[in-house]
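Hello,

Here is the structure I promised to pass on. Please open it alongside this note, which says what turned up.

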Amino acid sequence: MSHHTARLVVVMGVSGSGKTTVGRSLAQRLGVPYAEGDDFHPASNVAKMRAGHPLDDEDRRPWLDEIAGWLTGHADSGGVVACSALKRRYRDRLASAAPHVFFLHLDGSPELIAARITARRGHFMPPELLRTQFADLEPMGEDEAGAAIPIDGTPEQTAALAHAAVTSR
């Protein structure tokens, strides 16, 4: 982690992978603020997804800019933000704003995540869009600061794996 001691983490993955649950738990364990990536979407993005239409890169640009601003604002104090960050260029955008950011990819099978999405209530992301998220997902490169952790355990087990991955870096 070099001389930089603030923990700045993006909890990433497809919708339904547990970003909010793990992100909140991780922020609490680290003693840093948490931000929900969905809250940075403009109303037009939420309406588009709610209608069953996937976002394109242009839709995501202002959203990523807002998250990048949040990361920059928390570079000294640390923080955890949930953000799908599915494509390398999205992660590069976030890392350019916060060079010490650590990406924590919540990794699970399409079947497991589909079951979770189907069971949850009150979220704007319809299960039908999961296929497009997996199609967009680009695994982290070896040169990216981060780790992939499995999500097939309980939320508590996944949060413990997340904390271990972040604190052992």
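Helix 1 crosses helix 7 in a right-handed sense. This is a predicted model, so please read everything below with that in mind. Helix 1 covers residues 19-30, and helix 7 covers residues 155-167. Their axes lie 9 Å apart, at an angle of about 55 degrees. Angles under 35 degrees count as roughly parallel, and 65 to 115 as roughly perpendicular. The pair is therefore oblique.

Who meets whom? On the helix 1 side, the residues are Thr-21, Val-22, Ser-25, Leu-26, Arg-29 and Leu-30. Helix 7 brings Pro-155, Glu-156, Thr-158, Ala-159, Ala-160, Ala-162, His-163, Val-166 and Thr-167. Sorted by class, this contact of helix 1 with helix 7 holds eight nonpolar residues, five polar and two charged.

Helix 3 (residues 57-73) and helix 4 (residues 88-97) cross at roughly 30 degrees. Their axes come within 8 Å. With the cut-off for roughly parallel at under 35 degrees, helix 3 and helix 4 are therefore roughly parallel to each other. Their crossing is right-handed. Helix 3 contributes Asp-57, Arg-60, Leu-64, Asp-65, Ile-67, Ala-68, Leu-71 and Thr-72 to the contact. From helix 4 come Arg-89, Tyr-90, Arg-93, Leu-94 and Ala-97. The class count for helix 3 with helix 4 is seven nonpolar, one polar and five charged.

How many cavities of 30 Å³ or more does a search of the whole structure find? One. The largest cavity has a volume of about 30 Å³. Its lining consists of Gly-13, Val-14, His-105, Leu-106, Asp-107, Gly-108, Ile-113, Phe-134 and Leu-137. Strand 4 (residues 102-107) gives the largest share of that lining, with three residues. By class, the lining has five nonpolar residues, three polar and one charged.

One more residue to look at is Ala-148. Ala-148 sits in strand 5 (residues 146-150). Leaving out residues up to four places away in sequence, Ala-148 touches His-105 and Met-140. How far apart are Ala-148 and His-100, in sequence and in space? They are 48 residues apart along the chain, and 17 Å apart in space, C-alpha to C-alpha.

Best wishes

Definitions and conventions:
Residues numbered from 1 in each chain as written. Predicted model: local features only at pLDDT ≥ 70, side-chain atom pairs only at ≥ 80, totals over all residues. Heavy atoms only, no water. Axes fitted to C-alpha atoms, helices over the stretch in contact; angles between N-to-C directions. Helix = DSSP H or I, 4+ residues; strand = E, 2+ residues; numbered from the N terminus. Parallel < 35°, antiparallel > 145°, perpendicular 65-115°, else oblique. Left-handed = near helix turned anticlockwise from the far one by under 90°. Contact = heavy atoms within 4.5 Å. Nonpolar A, V, L, I, M, F, W, Y, C, P; charged D, E, K, R; others polar. 1 Å grid on protein atoms, 1.4 Å probe; cavity = no way out; pocket = protein on both sides within 12 Å on 5 of 7 lines; lining within 4 Å. Points joined across faces, edges and corners; volume = space filled by probe spheres on them.
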